[in-house]
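Good morning, colleagues. Please look at the sequence and the structure as I bring them up.

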Amino acid sequence: MKKIGTLISGCVMIIFLLALQREQVRTIYIIGDSTAADKDSHTFPETGWGMAFAKMFNQQVKVDNRALNGRSSKSFKHDVGKDGSAVNHWKPIFENLRLGDYVFIQFGHNDEKIHKPAVGTSLEEFEQNLTFYINQTREKGGIPILLTPIVRRKFENDVLVKTHGTYPAIIRKVARDMQTPLIDMEDKTTKLVMSYGVEDSKKLFLHVNSGEKNYPQGKKDDTHLNTFGAKEVARLIAEGIRDLQLPIQDNLILK
């Protein structure tokens with residue numbers, strides 16, 4: 001009887017632990033630049049895709065958007081604060097990463113600015129930085145996901161021009177070499193912007209007329225998204241999650 005009682009207790013504990021695992025909230029951290037970052041009311045309707053992405057999951061997934069304006073794979077971990085002190089935006093993420101958490105890594109827009117030494121990276125350094133984030137994430141039992149940068153709206157002769165040089169190719173190379181899941185947002189957003197065409201694609205980006213509350217002189221920004229564009233880009237990332245058959249696809253509430 002004692003053995004049976006012990007066996008039953010063990011089974012109950014296993015069931016409890018499995019239920020607890022299902023109940024555990026997973027966190028998706030986003031690290032990247034201004035195209036993904038949260039924006040305040042003073043820059044509306046500018047919207048980072050991370051803001052729309054955070055609304056796409058049920059309560060079992062929390063999106064913690066740490067992307068920041070102007071950051072590169074270098075300056076995200078080697079930044080300078082307003083008081084001149086060294087700042088590492090990655091460190092608190094690493095310290096709080098738990099088994100099963102995700103880190104969505106999207107850099108490239110600012111790494112290509114090699115004329116800015118504090119931000120720009122060589123292709124070799126870019127590869128090293130991506131490798132660093134992947135290794136650190138895996139060290140804590142997390143799941144790294146690489147994303148190529150979204151495209152800018154730059155047309156020449158009605159054809160969208162790619163502006164990120166070789167940086168997206170480095171991301172794809174790292175994904176292959178390190179067997180890391182990749183969502184190719186350069187490819188996906190190229191198709192998206194091309195589907196709208198030269199004029200209608202302005203609907204995706206921060207194009208506002210003069211007289212707008214936050215932009216009295218108007219704004220024509222072909223890099224950053226508006227609220228509609230952010231939703232469209234987030235939808236493509238959700239599509240990428242399903243393409244990769246990541247477990248968090250079951251937590252998506254946008255079908």
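I shall describe the sheet, then a helix, and then the aromatic rings.

This is a predicted model, in which local features need pLDDT of at least 70 and side-chain atom pairs count only at pLDDT 80 or more, while totals for chains, interfaces and linings use all residues. Residues are numbered from 1 along each chain as its sequence is written, and side-chain values use heavy atoms, with hydrogens and water left out.

Let us begin with the sheet. Five strands form an open sheet in the order E2-E1-E5-E6-E9, with parallel pairing. Strands here are DSSP runs of E with at least two residues, and helices are runs of H or I with at least four, numbered from the N terminus; two strands pair if DSSP finds at least two bridges between them. The edge strands, pairing on one side only, are E2 (61–65) and E9 (182–183). Strand E1 (residues 26–32) is joined to E2 by five bridges, and Ile 30 has Asn 65 in E2 as its bridge partner.

I turn to the aromatic rings. How many aromatic pairs does a search of the whole structure find? The search finds ten, where rings of Phe, Tyr and Trp (its six-membered ring) pair if their centres lie within 6.5 Å; planes under 30 degrees apart count as stacked, over 60 as edge-to-face and the rest as tilted. The ring centres of Trp 90 and Tyr 133 are 5.2 Å apart and their planes are at 70 degrees, so this pair is edge-to-face. Trp 90 lies in the loop between strand E4 (86–87) and helix H3 (91–96), and Tyr 133 in helix H4, so the pair ties together parts 43 residues apart in sequence.
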